[in-house]
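New page in the notebook today. I want to jot down a few things I looked up, starting with how a pair of helices crosses.

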Amino acid sequence: MIRSMRWKGAAFTVPFQLGFVFLYLLPIGYAVYQSLFREQQSGLGLGGSTTEFNGLDNYAKGLSDSAFMGSILRVVLFACVQIPVMLFISLVLALLLDAVTSRVAGRFRILLLVPYMIPGVVAAIMWVNLYSPDVGPLTPLGELFGFHWNFFAPSMVWPSIGNLLTWHGIGYNMVIIYSALQGVPRELFEAARLDGASEIRIARSIKIPYVRGALVLTGLLSIIQMLQIFNEPALFRNVTPQTVSDSFTPIMIIYNQAFNSGNYHYAAALSVLLALILGLASFLFYRFTSKEAD
């Protein structure tokens, strides 16, 4: 009877297991399989092409591809600045919401979550128009205060994209951190106040250590998302192609190899390499933060 109940319970996971196999495992396996081949043109390229086994040559080519590795380094350096700034703002907002009443917190929580509800492509189009010197209000507003900024200049592209990503992501991260704050025992706050601790001291010594796990989670998700950034740079490229090249981010290179150059096998190898780099970065981040927590 117990075995029968176990099988019935396991049956509820069948839809998830099927989705995981067909939507994740099989595509990953197919990408690995495709990455082991290459298209060989016959003659001068005017005839047909044949698919030949290429072994790990596509991976070796990807690791020696300066454009691909440079795009990864570019995104990593950007993430080292943007992610801490975004998480710091999310943490401050969560602490402020935790300090007010539940009714007020509920209203502001929904308001701060609105940017995350907007699809990423729509948000990127909206900010591109806000940045535009022709139709956007930000350039004329800056000129009123003596600022002559160009949001699409080479020195301003990454800050412009970073502002967009921060605006879009702080609400989601704030909700996760705020939910973790709700699990902190309130008796600790009362005891700290009786000992004369200020609200800043309570936040620094009690609240922030308790939400360390939430900060690790949001940081991990942000790292995974950052290395896959595509929509924002792609839309910026339509406006300023001389600044945002087609090799600006790893995903843009993979997209161009697959759909513009038709080199699907090499694009599959780059995808697998990026997945491995993502896994390694996530593992190192988790191990480092776990060691700090211990």
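This is a predicted model: local features need pLDDT of at least 70, side-chain atom pairs count only at pLDDT 80 or more; totals for chains, interfaces and linings use all residues.

I checked the hand of the crossing between H6 and H12 first, and it is right-handed.

Next I looked up who does the touching. On the H6 side I found Gly120, Val121, Ala124, Ile125, Val128 and Tyr131, and on the H12 side Asn231, Glu232, Leu235, Phe236 and Val239. Sorted by class, that contact has 8 nonpolar, 2 polar and 1 charged residues.

Then I went for the geometry. Helix H6 covers residues 120–131 and helix H12 residues 231–239; their axes come within 9 Å and cross at roughly 35°.

On to charges: how many salt bridges does a search of the whole structure find? I get 5. One I looked up joins the side chains of arginine 38 and glutamate 52, at 3.5 Å from N to O. Arginine 38 sits in strand E1 (residues 37–41) and glutamate 52 in strand E2 (residues 49–53), so this pair ties together parts 14 residues apart in sequence.

Last, the surface. I found a nonpolar patch there with about 1200 Å² of accessible area together, its members including Val14, Phe16, Tyr24 and Val32. Tyrosine 24 belongs to helix H2, residues 14–34.

Definitions and conventions. Residues are numbered from 1 along each chain as its sequence is written. Side-chain values use heavy atoms; hydrogens and water are left out. Patches are made of residues with over 30% relative accessible area and no salt bridge: like charges are joined within 9 Å, nonpolar side chains (Val, Leu, Ile, Met, Phe, Trp, Tyr) within 5 Å. Accessible areas come from the Shrake-Rupley method with a 1.4 Å probe; for residues, only the protein chains shown count as cover. A salt bridge is a side-chain nitrogen of Lys or Arg within 4 Å of a carboxyl oxygen of Asp or Glu. Helices (H or I, at least four residues) and strands (E, at least two) are DSSP runs, numbered from the N terminus. Axes are lines fitted to C-alpha atoms, for helices over the stretch in contact, and angles run from 0 to 180 degrees between N-to-C directions. A crossing is left-handed if the near helix is turned anticlockwise from the far one by less than a right angle, and right-handed if clockwise. Contact means heavy atoms within 4.5 Å. Ala, Val, Leu, Ile, Met, Phe, Trp, Tyr, Cys and Pro count as nonpolar, Asp, Glu, Lys and Arg as charged, and the others, Gly among them, as polar.
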